[in-house]
Amino acid sequence: MRKFLSVISWALLCCCWTSQAEIFTSIGQMTDLIHTEKELVQSLKEYIKAEESKLAVVKSWANKLDDLTKVSTSDPEGYLGHPVNAYKLMKRLNTEWSELESLVLQNPSDGFISNMSVHRQFFPDEEDETGAAKALMRLQDTYQLDSEAFSRGKLPGIHSNAVLTVDDCFDMGKTAYNDADYYHAVLWMQQSLKQLDSGDEAVVAKADILDYLSYSVYQMGDLPRAIELTRRLVAIDPSHQRAGGNLRYFEGLLFKQLKELNQAYQPVSEEPIQLGTYSRPKDHLPEREAYEALCRGEGAKMTEARRSRLVCRYQDGKRNPRLLLKPMKEEDEWDSPHIVRYLDVLSHEEIEKIKELAKPRLARATVRDPKTGVLTTANYRVSKSAWLEAEDDPVIVRVNQRIEDITGLTVDTAELLQVANYGVGGQYEPHYDFSRKDEPDAFKRLGTGNRVATFLNYMSDVEAGGATVFPDFGAVVRPRKGTAVFWYNLFKSGEGDYRTRHAACPVLVGSKWVSNKWIHERGQEFRRPCGLTEVD
């Protein structure tokens with residue numbers, strides 16, 4: 001068994017060397033892992049069955065020989081006085097014990113290890129686990145969910161058996177701690193401690209949780225609570241290598257502060273640490289609060305007066321022959337800037353075909369570095385994407401033509417159809433689709449000018465989260481399978497419309513598939529003529 005465990009450890013270690021990484025950024029690709037795990041479980045069951053069969057034979061031998069030796073050892077000479085017993089002893093020790101030795105040395109794990117070796121190249125690695133943990137924290141922040149809700153599987157409108165154990169919560173906290181994210185480290189270490197105190201089973205020791213939690217609380221500037229937690233740690237582990245020193249250091253700092261402020265010591269609040277106890281640190285995104293509020297459905301600026309100006313209509317693409325008999329259903333999503341939604345743009349069969357074409361090509365989605373113009377990955381865009389050409393399949397030709405018919409803009413100079421699938425907590429933080437004046441070379445190599453418009457196809461419904469939001473004017477556009485939204489990124493003058501800064505909210509529950517066409521300026525001269533002013 002020890003040999004088997006060491007081989008398993010070796011196989012799992014090899015997984016880290018050969019994995020593809022960034023699997024967590026695409027739910028579509030993660031589904032393959034479900035089937036892989038099922039196959040491995042079946043292989044593991046077969047190994048267990050083989051081990052049990054082997055042990056059953058060995059146990060039968062042991063029981064038989066135990067009874068035999070009780071008789072033989074009671075009177076060895078008398079027992080061997082019978083010639084048959086003497087013969088069978090020679091036979092057992094010369095042949096049968098050797099056969100038993102060979103049986104014990106057999107390794108039923110070979111088949112399982114072989115199966116592991118085949119699949120291990122597709123396993124997620126440490127980066128995936130860390131990415132998935134950070135995604136849960138991102139969802140926690142965006143949708144203001146406490147750790148208790150997450151650990152018990154209680155998400156908005158959904159209750160499932162997907163729960164987090166004490167050890168899961170501890171690992172979440174440790175991931176944050178290792179990233180110097182003490183805000184989330186506190187939340188998850190506290191949840192781990194809470195579940196452990198309530199009687200949940202765990203491998204992690206309470207002292208380890210208190211060690212991480214007390215220091216994280218100290219880093220959040222809460223000295224009284226850090227002292228209280230460290231005292232609890234010392235009480236259960238007086239010989240802890242850091243606890244005593246930390247306690248003296250924390251107490252010294254606190255008394256120094258109290259003396260400088262001429263204040264008396266106040267007992268620590270008995271309120272448990274939870275969401276809102278500490279302020280979340282600010283980050284790089286100036287509109288973070290407005291963006292996340294829109295994702296939660298808060299702060300949308302859809303007034304009754306504005307709603308009254310939004311209408312639905314049939315759109316035939318200015319009497320386009322392909323739309324005369326079956327015009328598109330067009331709905332206004334917003335008045336200024338004008339955002340419209342088209343219904344029944346893609347059929348279920350077309351969506352499945354596009355996903356089938358894209359899935360083998362999915363790679364971590366990139367963003368264009370504003371300084372260099374080079375495409376690179378970024379933490380604020382968590383998804384995988386693939387680019388599909390017209391030559392890939394007739395369905396791409398049809399979709400491209402349909403976009404041209406609906407918008408009246410040529411797609412000859414547009415970028416390829418981009419298909420994206422969002423993974424765990426998948427998002428794309430507020431960004432512009434067009435290039436700004438401080439990045440003039442962003443699309444220079446394409447030679448087709450700036451991105452004049454965006455045509456975005458929703459290829460799945462999303463159970464919770466995943467909306468497209470516009471923080472500047474407070475619009476929320478929710479995914480609806482088969483529909484598409486369209487807006488202009490540039491005014492007719494060619495100047496960028498900075499109001500169109502938008503974001504894809506994190507997917508809370510479900511899998512979000514979209515495809516988009518970025519339409520460029522060149523070729524639109526007579527289809528969308530220049531305006532007379534900068535903001536026409």
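Residues are described here as buried when their relative accessible area is under 20%, exposed when it is over 50%, and partly exposed in between (1.4 Å probe, protein chains only). The structure is a predicted model, in which local features need pLDDT of at least 70 and side-chain atom pairs count only at pLDDT 80 or more, while totals for chains, interfaces and linings use all residues. Residues are numbered from 1 along each chain as its sequence is written, and side-chain values use heavy atoms, with hydrogens and water left out.

Side chains of opposite charge can pair when their charged atoms come close. A salt bridge was counted where a side-chain nitrogen of Lys or Arg lies within 4 Å of a carboxyl oxygen of Asp or Glu. This rule gives 38 salt bridges.

One of them joins Arg 288 to Glu 429, with 3.1 Å between the closest N and O atoms. Arg 288 belongs to helix α13 (residues 288–295) and Glu 429 to strand β12 (residues 427–431), so the pair ties together parts 141 residues apart in sequence. Helices (H or I, at least four residues) and strands (E, at least two) are DSSP runs, numbered from the N terminus. Arg 288 is buried at 11% relative accessibility, and Glu 429 is buried at 6%.

Within helix α16 (residues 348–358), Glu 352 and Lys 355 are three residues apart, a separation of about one helical turn. Their side chains form a salt bridge with an N to O distance of 3.5 Å. Glu 352 is partly exposed at 35%, whereas Lys 355 is buried at 18%.

In helix α14 (residues 304–308), Arg 307 and Glu 304 are likewise three residues apart. Their closest N and O atoms lie 3.8 Å apart in a salt bridge. Glu 304 is exposed, with 61% relative accessibility, and Arg 307 is partly exposed, with 45%.
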